[in-house]
Structures are given as structure tokens and as C-alpha cells.
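The text then goes through them one at a time.

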Amino acid sequence: MSTGSSASSRYSQHRQITGVPTKCWCGRKITTYCSQTDENPFWRFYRCEIAIQRKNEEHLFKWIDEALLDETRMVDAKLMKLVDEVKVLRNEMLSSFELQKKRVFDMEEEMKEKIKEKMMMGNATIEEMGQVMARKSMERAGITLLVVGVVGWACGKLMS
């Protein structure tokens with residue numbers, strides 16, 4: 001594609017518009033036209049509405065093909081930037097996930113240790129309670145035997 005006409009190179013030297021223009025630098029609306037020249041037959045271009053009547057003034061001129069190519073390049077650049085940002089976010093998320101996974105593992109280990117301690121304390125308490133109950137049972141059995149013995153001795157004395 002050629003920026004072939006002298007008008008396009010003359011205007012592009014002063015103010016470069018990247019992408020598809022929406023307004024001329026004079027503030028006027030942009031219109032699309034079709035070239036009637038032998039050099040660029042039927043090529044479409046953007047032009048300020050009043051530039052066609054005032055040929056000596058500098059107004060926006062841009063081939064549509066160039067504008068679309070600019071737009072495509074800008075979109076590609078933004079896309080590549082987004083791809084890079086997504087990669088960075090992905091790496092940060094994976095890193096965060098690994099850190100959280102380690103924290104959960106550490107918490108699980110800590111909880112297992114605490115449960116083990118509590119169970120050992122519970123077992124010790126149960127063991128102590130068993131010893132207390134055994135001691136109490138022995139005392140009661142001893143008292144019962146003593147009472148039975150005293151009653152037996154008393155019965156024996158009374159009968160003899």
C-alpha cells in the first residue's frame with residue numbers, strides 16, 4: 001500500500017493519527033471517501049468533511065487500510081500485554097496456592113499434635129479415674145468385709 005499521493009505525505013508529516021480516526025484535528029467529523037486518482041484507484045480513505053472543499057488547508061487524511069493496520073497492531077499489542085499480565089497473575093496465584101497449601105499442612109500437623117496431647121491427657125485422666133474408682137471399690141469392699149466380719153463375730157458371741 002502506498003502513501004502515494006503528495007497530499008497524504010504532506011498531511012502525515014504534521015500530525016500523525018494512530019488507528020482509525022474519529023475526528024479531524026480541526027474538530028470536524030471524519031468521512032470516508034473513495035480515491036478517483038489513477039495512482040490509487042478506488043482506494044478508500046478518511047478525510048475531514050471540509051478538507052475536500054479547502055484543499056490548501058491541512059486536515060486529516062488517512063488511508064483506511066493504514067488505519068485498520070494501525071488498529072490491528074494496537075489490539076495485538078494490548079492483547080500481548082494482557083497475556084503477559086495473565087501469566088504474571090497465574091504465577092502469583094500458583095505461588096499463593098502453594099503457600100496456602102503449606103499453611104494448611106502445617107495447621108493439620110499442629111492440630112494432630114494438639115489432639116494427641118489432649119488424648120494423652122484424657123487417657124491419663126481416665127487412668128487416674130480408674131485408679132480412684134478401684135481404690136474406692138476396694139475401700140467399700142474392705143468396709144463391707146469388716147461389717148460382715150463384725151456382724152459374724154457378734155453373731156458368734158451371741159450364739160455361744
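Tryptophan 43 has a relative accessible area of 27% and is therefore partly exposed, since that class lies between the limits of under 20% for buried and over 50% for exposed. The model in which this value was computed is a predicted one.

A pair of aromatic rings is described by the distance of the centres and the angle of the planes. Under the pairing rule, the count is five aromatic pairs. One of them joins tryptophan 43 to tryptophan 63, edge-to-face, with 5.2 Å from centre to centre and 80° between the planes. This pair links distant parts of the chain, as its members are 20 residues apart: tryptophan 43 sits in the loop between strand 1 (30-34) and strand 2 (44-48), and tryptophan 63 belongs to strand 3 (residues 61-63).

Is tryptophan 63 buried or exposed? Its relative accessible area is 2%, so tryptophan 63 is buried. Tryptophan 63 also pairs with phenylalanine 45: the ring centres are 5.8 Å apart and the planes stand at 85°, so this pair is edge-to-face, because the angle is over 60 degrees. Here too the pair links distant parts of the chain, with phenylalanine 45 in strand 2 and tryptophan 63 in strand 3, 18 residues apart. Phenylalanine 45 has a relative accessibility of 10% and so counts as buried.

Which residues do the ring pairs link into a cluster? The cluster consists of Tyr33, Trp43, Phe45, Phe61 and Trp63.

Serine 35 is found in the loop between strand 1 and strand 2. With a relative accessible area of 5%, serine 35 is buried, because the limit for that class is under 20%. Leaving aside residues up to four places away in sequence, serine 35 touches Asn40, Pro41, Phe42, Trp43, Phe45 and Trp63.

Leucine 79 is part of helix 2 (residues 64-159). Its relative accessible area is 45%, so leucine 79 is partly exposed. Leu79 forms a nonpolar patch on the surface with Met80 and Val83, and together these residues have about 260 Å² of accessible area. Leucine 79 can belong to such a patch because the rule asks for over 30% relative accessible area, and the value for leucine 79 is 45%.

How values were computed: Residues are numbered from 1 along each chain as its sequence is written. This is a predicted model: local features need pLDDT of at least 70, side-chain atom pairs count only at pLDDT 80 or more; totals for chains, interfaces and linings use all residues. Side-chain values use heavy atoms; hydrogens and water are left out. Patches are made of residues with over 30% relative accessible area and no salt bridge: like charges are joined within 9 Å, nonpolar side chains (Val, Leu, Ile, Met, Phe, Trp, Tyr) within 5 Å. Accessible areas come from the Shrake-Rupley method with a 1.4 Å probe; for residues, only the protein chains shown count as cover. A salt bridge is a side-chain nitrogen of Lys or Arg within 4 Å of a carboxyl oxygen of Asp or Glu. Helices (H or I, at least four residues) and strands (E, at least two) are DSSP runs, numbered from the N terminus. Buried means under 20% relative accessible area, exposed over 50%, partly exposed in between (1.4 Å probe, protein chains only). Rings of Phe, Tyr and Trp (its six-membered ring) pair if their centres lie within 6.5 Å; planes under 30 degrees apart count as stacked, over 60 as edge-to-face and the rest as tilted. Contact means heavy atoms within 4.5 Å.
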